[in-house]
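Welcome to my notebook. I opened a new structure today and jotted down what I looked up, entry by entry.

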Amino acid sequence: MSQATTELMPRPRRIAIIGAGPSALFLAAVLLEKSTEPVSIDIIDRLPTPYGLVRYGVAPDHANIKVVISTFKKVFERDNVRFLGNVHFGKDLMIEDIEHFYDAICYAAGASRDQRLNVPGEDLGGSISATDFVMWYSAHPDAAYGSQIHETMATAIPRARTVAVVGAGNVAIDVTRILAKSVDELRTTDIPDYVLDVLAKSNVRDIHVIARRGPAQAKFTTMELRELGEIPGVDVVMDPSVLELDEASAATAAASANIKRNMDVFRSFAAKSPTGAPRRIHLHFLVSPLEILGDDQVAGMVLQHNKLDEKQSAVPVGETESIETELVLRSVGYRGVPLAGVPFDERRFVVPNEKGRVLDASGKVVSGHYAVGWIKRGPSGVIGTNKADAVETAKAMIEDLPALPHCAEPDPRAIDALLRDRGVRAIDWAGWLDIDSREIEEGRKSGRDRVKLVAFSDPPLSEYSP
Ligand code: NAP
């Protein structure tokens, strides 16, 4: 190519995506496919590893859901996409840096915190958020051996015979299933050994799933719900009378194929007589926690009985009951956390946006800033839901790109140099592939798909520096 032709070609538009989970990768894939301008994308994550909740959220015994990784991998294999792992937005790189090095920025940081129950006793020992429990069994570095989260689990699980899981979504099902399964069943998964060792000491016999509304309002997907009834050594117990739906709930159930299928599964659970299995899962509907009891450790829970109002919201009927429980897993949803310098809706825990375009406090579009995934719409849907979401944000970005001002420093090497100057040991794609092959090799030794690394300093991180 002649010098003159090179000079005529527009430089690729530099795009930063903050987060390397499903929504980030669906977005990058759409931009690569549809952008009319050439693009050069950096996918930045505070963890040294890509794939977000696919790696640290999808349950370890659901390896089939993780096959989506093979699609995501193709994004990183493109010449114009880079992975910058181990780079913390808001700490290692501030918003001003990003604006200096990129023409457009998309926030894909997900929703990493748990929603609170806001009942007395919520912070007693043995009252744990499902998000912590999920991070722990997924070998998330923040919940690794020796962390506060690990210590909490190692104390709480062996002392519990009865567990209360609050919430009626798929995360509640995941944590229930992991606690209900025998440790031998879990040994083939990528659950780390330090977690299996604690689960091997589990004395859990009864798991109570507490849903504040009725079965027709439960957010379970049918496949996940059905699986509860297929765990060896576990009886699922529920009161058949809750399956007599009020008119509005019956209409809700009739209008949704998923709810209709769920109702069939509930009926099959209710029709089965307990077999005397060593562990039991009890499904309770129309009850919500009023108080978690105990001195310093959880000893029980007061539940209030509810009915549904005309909007199918739970309202108390004025009756309460107490159950004994030594462990409470609060699984009532995730929430996003504010990103330094980025507008944030403190009520909905999302970055305010219109079809992906970030809005400031006055509702005006912040030029060149976008959001995608859970930080854009809240924590809803399955992995595939993020695809349509990413298409919407990508459309806004592609429409805007031609008119966006050019950043001051578009050379990708400049950001690498800045990170090095700041002592940040970024992990590039080759660095991740090295971690990946070590994990797979480690897994092979024990007949598993992989054993996840939880500390990334051995071998030294500098080995992975771009
Ligand atoms: P979710 O589906 O939104 O469920 C949250 C549950 O908590 C709902 O039953 C909700 O009841 C209940 N809840 C909220 N506040 C409560 C309170 N104060 N007291 C009592 N109950 C309360 O959230 P999630 O289970 O965390 O899952 C997040 C997303 O990830 C979902 O879209 C889920 O499908 C997805 N996910 C998918 C899979 C899979 O596909 N295998 C696995 C895990 C997660 P109300 O309905 O009454 O608000």
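**Salt bridges**

I began with a network: salt bridges link Asp61, Asp174, Arg177, Lys181 and Glu227. My cut-off for a salt bridge is a side-chain nitrogen of Lys or Arg within 4 Å of a carboxyl oxygen of Asp or Glu.

A note on the source: this is a predicted model, where local features need pLDDT of at least 70, side-chain atom pairs count only at pLDDT 80 or more, and totals for chains, interfaces and linings use all residues. Residues are numbered from 1 along each chain as its sequence is written, and side-chain values use heavy atoms, with hydrogens and water left out.

How many salt bridges does a search of the whole structure find? I got 36.

I looked up Asp42 and Arg14, whose side chains meet in a salt bridge at 2.8 Å, N to O. Asp42 sits in strand 2 (residues 39-44) and Arg14 in strand 1 (residues 13-18), so this pair ties together parts 28 residues apart in sequence. Helices (H or I, at least four residues) and strands (E, at least two) are DSSP runs, numbered from the N terminus. Asp42 counts as buried at 0% relative accessibility, and Arg14 counts as buried at 3%. For this, buried means under 20% relative accessible area, exposed over 50%, and partly exposed in between (1.4 Å probe, protein chains only).

Next I checked Glu122 and Arg116, where the salt bridge is 3.8 Å, N to O. Glu122 is buried, at 2% relative accessibility, whereas Arg116 is partly exposed at 32%.

Then came Glu439 and Arg450, joined by a salt bridge of 2.7 Å, N to O. Glu439 belongs to helix 17 (residues 429-445) and Arg450 to the segment after helix 17, so the pair ties together parts eleven residues apart in sequence. I found both Glu439 and Arg450 buried.

**Around the ligand**

Which residues come nearest to the ligand? Of the 21 residues around it, they are Ala168, Arg212, Arg213, Glu224 and Gly381. A residue is near if one of its heavy atoms lies within 4 Å.

I then listed polar contacts (pairs of N or O atoms within 3.5 Å). A side-chain N or O atom of Asn170 is 3.0 Å from a ligand oxygen, and a polar side-chain atom of Lys219 lies 3.2 Å from a ligand oxygen. The side chain of Glu224 has an N or O atom 3.0 Å from a ligand nitrogen. The protein covers 82% of the 920 Å² of accessible area that the ligand has on its own.

Helix 8 (residues 170-180) gives the largest share of the shell, three residues.

Conventions:
Polar contact = N/O pair within 3.5 Å; in protein donor to acceptor, adjacent residues only side chain to side chain. Areas by Shrake-Rupley, 256 points an atom, 1.4 Å probe, with all protein chains shown as cover.
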